Amino acid sequence: MQILLIALDGLGDRPVSRGKTPLQLAKKPNMDRLAKGGISGISYPIGPGIVPGSDTGYLSLFGYDPYHFYVGRGILEALGSGAKVHEGDIAFRANFSTVDGKMNIIDRRAGRIDGKDADELAKSISKIIVKDRRGKDITFQFEHVHGHRCVLLIRGQDLSPMVSDTDMHVVGQVAWAKAINPSDDAKRTADALNEWLKKANAILKSHSTNKRRKERGLPEANFIITRGASMLTKGVPYKGASYSGIYGEAVSITPFKEKYKMDATCVASGFLYKGVARYIGMDVMSIDRKVGALHADLDEKVKAALSELKKGTDFVFLHFKGTDVAGHDGDWKAKVKFIEKADKAIAPFLKLKDTIIVVTSDHSTPCALKAHSADPVPILIHGPAGMIRPDHIAKFDEVSASHGGLDTLRHADVMPILLGLLGKAKMFGT
Ligand code: ZN
Ligand code: ZN
């Protein structure tokens, strides 16, 4: 028996038109068929009143309590990017941004720079060495992720992740990094980061790519802003890795394969999802994103997931991003359309035998809020006859699912429920 978990990122919503949610409005015969033959429920990704990020939402879904295992987005994206992350490295998420002559940030995303421009500029600052006060080298590795997004890794002795964000999420005067605890390590890291930011600015500002951008009337990507400092204390993501979380405490991970005695593969394109998967020791099948998430080739991902299942992989995590993007854009019509596209794409899975199929999400991204919310998400579990006790629910949406046989649960319950169905749960008592 194998498990296929399909996650439509940010799927949950609130009524958007005629009192219905995008899931209720969408024509999605395949998901409805799965709901009809399976059991449904609604699930709080972390808990009532908690607004999940994608990282904490998926950690929770895979049975890793985010309050214990969350290590900050910097490391997760660095792992997802495939960058070589070493023990002791400090990782940040970084943005290309635009500053004026007085070091005021006037565009946090440098006009959403992307493609060749971003690659060329990133290359020019990809390896810079800064000396600390003791004259020791601190190496800065900078990688372009996609769009204006990048990853920054700092490597050196006695560094600390306890440094403040330089991205204040608003335009205005540059916020230089500060130590957020009184340790020498934090001060050294913040000082080195600030020096790097200035060096990077000097290189970027006179770069030919930026001169060309200026001529074309595009915002120059002449500054980097950073956030989400986190540290990797041991670089062995596949064998009981231990990481240092956002609060600087070390975290030891029991890899998914060991924890559940199942091998697992993630099929995704976004760095964050691949990063979460690598962090918990799943294998990653990377599908390059050639177009925006809303227009992604879902058939290619479905084919990849099918081939993984065919290979005999016990657990396959298939990730679709478009629903979250549409939610953030506040575009419910695009969300409905993407759900319909995903529904068509998953048709081949309905023929699978000996496979438990789960359809759910990491959090809700209601179009009305254009942001994540604490609302629970629908979940369905479909499996071979005799293995699952089907309920009366015949449609897959937030409202129908709330009357289902799974009732209201939390994501932390999902893996135990699946283990129970597989007959892998342990007996309590005699
Ligand atoms: Zn998400
Ligand atoms: Zn989101």
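Modeller: The model is predicted, so local features need pLDDT of at least 70 and side-chain atom pairs pLDDT 80 or more, whereas totals for chains, interfaces and linings use all residues. Residues are numbered from 1 along each chain as its sequence is written, chains are lettered from A and ligands numbered from 1 in the order in which they are written, and side-chain values use heavy atoms, leaving out hydrogens and water.

Lys 116, with a relative accessible area of 60%, is exposed. Between Glu 120 and Lys 116 there is a salt bridge, with the closest N and O atoms 3.7 Å apart (a side-chain nitrogen of Lys or Arg within 4 Å of a carboxyl oxygen of Asp or Glu). The two residues are 4 residues apart in helix α6, so about one helical turn separates them; helices (H or I, at least four residues) and strands (E, at least two) are DSSP runs, numbered from the N terminus.

Asp 117 forms a salt bridge with Arg 216, the closest N and O atoms being 3.0 Å apart. This pair links distant parts of the chain, since Asp 117 belongs to helix α6 and Arg 216 to the loop between α8 (208-215) and β9 (223-231), 99 residues apart. Asp 117 is buried, at 10% relative accessibility. Through shared partners, salt bridges join Lys 116, Asp 117, Glu 120, Arg 212, Arg 213 and Arg 216 into one network.

The structure holds 23 salt bridges. One of them pairs Arg 108 with Asp 167, at 3.0 Å between the closest N and O atoms. Arg 108 lies in the loop between β4 (104-107) and α6 (115-124) and Asp 167 in that between β7 (149-155) and β8 (172-173), so the pair ties together parts 59 residues apart in sequence. Both Arg 108 and Asp 167 are buried.

The wider fold can be described through its nonpolar cores (sets of buried Ala, Val, Leu, Ile, Met, Phe, Trp, Tyr and Cys residues joined through side-chain atoms within 4.5 Å). The largest core has 53 residues, and Phe 62 and Phe 315 are among those with the most contacts inside it. Helix α10 (residues 271-279) gives the most to this core, with 6 residues. A second, separate core of 38 residues includes Ile 138, Cys 150, Ile 225 and Ala 229.

Definitions and conventions
Buried means under 20% relative accessible area, exposed over 50%, partly exposed in between (1.4 Å probe, protein chains only).
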